[in-house]
Amino acid sequence: MNELKLTQITKQFGHQVILDDINLTFKPNTIYGLLGRNGVGKSTLLNIITNRIFASSGTISWQDQALTGRDHPVQAFYLMSETNLFSKEERLNKIIKNTALLQGQFDETLSAEMMTAFGLNPKKKLSQLSTGYRTIFKAMLALCVPAEVVFLDEPILGLDANHREMLYQFILKAYEERPRTIVLATHLIEEIANLIEHVVILNETQVIIDEPLETVLAKSYRISGPEEVVQAYCQELNQLATEQLGTLYIAYIYDQLPTEREIPDRLTIEHVDLQQTFIKLTNERGNRDV
Amino acid sequence: MLFEFNNDEPLYRQIANQIEEGIFTGIFPPDSQVPSTTELSRQFNLNPATVLKGMNQLVTAGLIEKKRGLGMFVTETAPAQITEKRQAAFYQQHVQDLVKEAKQLNLTKTALLALIERGYDHE
C-alpha cells in the first residue's frame, strides 16, 4: 500500500521543541489539509518527510518500509515550498526540463496547459517573475511530476483571487486525471475547506486534529442563548471558547451533542465552518502567552 | 439557487439534496443528464470524493442511474418518488411549525384555517 506513515516524529532545534511525538498516516489518493498557525512547524514537518532535514527521533515509513534517509524515495514525494531551490537565472523551460529529468517523468500536457492559462512565458527567467507567478510556476511543477504524495506548502502565496480559483481547479484536474495524495498546507482555510477530505491540525508542537473533514464539521457547533441555559446544556461538553454579547451567551463546542438531552427552546444550535473551529481550537494558548 | 452550500449539514448531503431539488423543480427532467462528479467538483472547488458520495446517495435512492460511458441520468420514476417522500414529510416539516408559530402569535385555529383558505384563493 502506498501509505506514508510517521511514527513518533520529534524535532528539536537546540532546546526548543518544534515537533513533539507526531504520529500521522497519509493514505493513498486523498486530499489533505495540513493546518496550523504561523511557526507551528508545518514546514519543518514537510521538510522532514521529504528528507530535507532530519528528525531528532522517530521513523517515517513508506509502503511499510522504514526509511533511513539514504534510501529515501526521491521520486515518490514532492515538496513545493516557499524556499527557492531553483537557480534564479535559469529560464523556465530549462527548469521544467531539469525537473522532468530528475523526477523521471513529467506531465507535459498539463504543464503546457497551465503555462498558457496563467500566461507564463517559458522563455522568461525565474528571477523575472513576481512572487505570485513564482508560486504558480512552482505549483505547476508539483502537479506535473509523477510523485505519489505531493506536498504543497502555501501554494497560494501572493496569488490574487482569480489565480487562486484557477489553481484550485488545476489541482482538482490533476487529481482526477491521476489520483494521488495531495497535502495542502495553507493559511487560507476557508478557500480550501471544500477541497479537502481529511484535516490535520498542528498546534503547539502536536497534532490536535487528525480526522475526516466531515467528522470535524459534524462536531463543530456554536450554541447561543441566555447564559444559564447555555451553560446548563453545555456541561460536560468540550467547550473551546465562549463569548458574550449583552445577555446573549455563545459557546463554541467541539464535541458530539448528547442525543438524549432535550434542546431547550431558547437555545440556538448551529454548525460553524472549519475556519471558525480552527481559530477557536488554536487560539487558546496563543492568546494567553500575549 | 442550486449549488449554494452552507455549514448546516454535511456537504455530500447538500449536494444530494440540491440535485434532488433540481429534479423536483424540473431543472433536471427524467432521462436528462445531471452534472458529472468532475463538473461539480471543478466548478465549485469541491473534493471529488465528497461529490461522489452525494451522487451515490441518489443512485441508492433510485433517483439517478449510471449509464456506462455516458454519465448520470435522472430515472423515470424520480419525480414521483420525490413527491411521495416530500408529502410524507410535509406534516412534520411544515404543518407542525406552522401550528407552533400560530400559537405563539395567539392565532386561533379558526383564524389559521381562514388564513390557509386565503392562501388558496390567492393562487
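Residues are numbered from 1 along each chain as its sequence is written, and chains are lettered from A, and ligands numbered from 1, in the order in which they are written. Because the model is predicted, local features need pLDDT of at least 70 and side-chain atom pairs count only at pLDDT 80 or more, whereas totals for chains, interfaces and linings use all residues; side-chain values use heavy atoms, with hydrogens and water left out.

The interface between the two chains is considered first. Contact is defined as heavy atoms within 4.5 Å, and by this criterion 16 residues of chain A touch 15 residues of chain B. The size of an interface is often given as the accessible area lost when the parts come together. Buried area here is the accessible area (1.4 Å probe) that two parts lose on being put together, summed over both. Between chain A and chain B this area is about 1,400 Å², with carbon and sulfur atoms giving 46% of it. Glu176(A), Asn194(A) and Glu214(A) supply 38% of the area that chain A buries against chain B, more than any other three residues.

Side chains of opposite charge can pair when their charged atoms come close. A salt bridge is taken as a side-chain nitrogen of Lys or Arg within 4 Å of a carboxyl oxygen of Asp or Glu. The interface of chain A and chain B holds 2 salt bridges by this rule. Glu176(A) and Arg42(B) are joined by a salt bridge between their side chains, at 3.5 Å from N to O. Helix H5 of chain A (residues 161–177) gives the largest share, 7 residues, of the side of chain A that touches chain B; helices are DSSP runs of H or I with at least four residues, strands are runs of E with at least two, and both are numbered from the N terminus. By class, that side of chain A comprises 7 nonpolar, 3 polar and 6 charged residues. In this scheme Ala, Val, Leu, Ile, Met, Phe, Trp, Tyr, Cys and Pro count as nonpolar, Asp, Glu, Lys and Arg as charged, and the others, Gly among them, as polar.

Helix H5 of chain A also contains Arg164(A), which forms a salt bridge with Glu191(A), the closest N and O atoms being 2.8 Å apart. Over all chains, the count comes to 12 salt bridges.

Chain B is divided into domain 1 (11–76) and domain 2 (79–121), with bounds from an automatic or database domain assignment. The C-alpha centres of these domains of chain B are 30 Å apart, and their contact takes 10 residues from domain 1 and 6 residues from domain 2. The area buried between them is about 730 Å², of which carbon and sulfur atoms give 53%. Glu20(B), Phe24(B) and Leu63(B) lose the most area on the side of domain 1, together 60% of what that side buries. Between the two domains of chain B there are 3 salt bridges. Glu20(B) also meets Arg86(B) in a salt bridge between side chains (3.4 Å, N to O). The side of domain 1 that touches domain 2 divides into 5 nonpolar, 2 polar and 3 charged residues.
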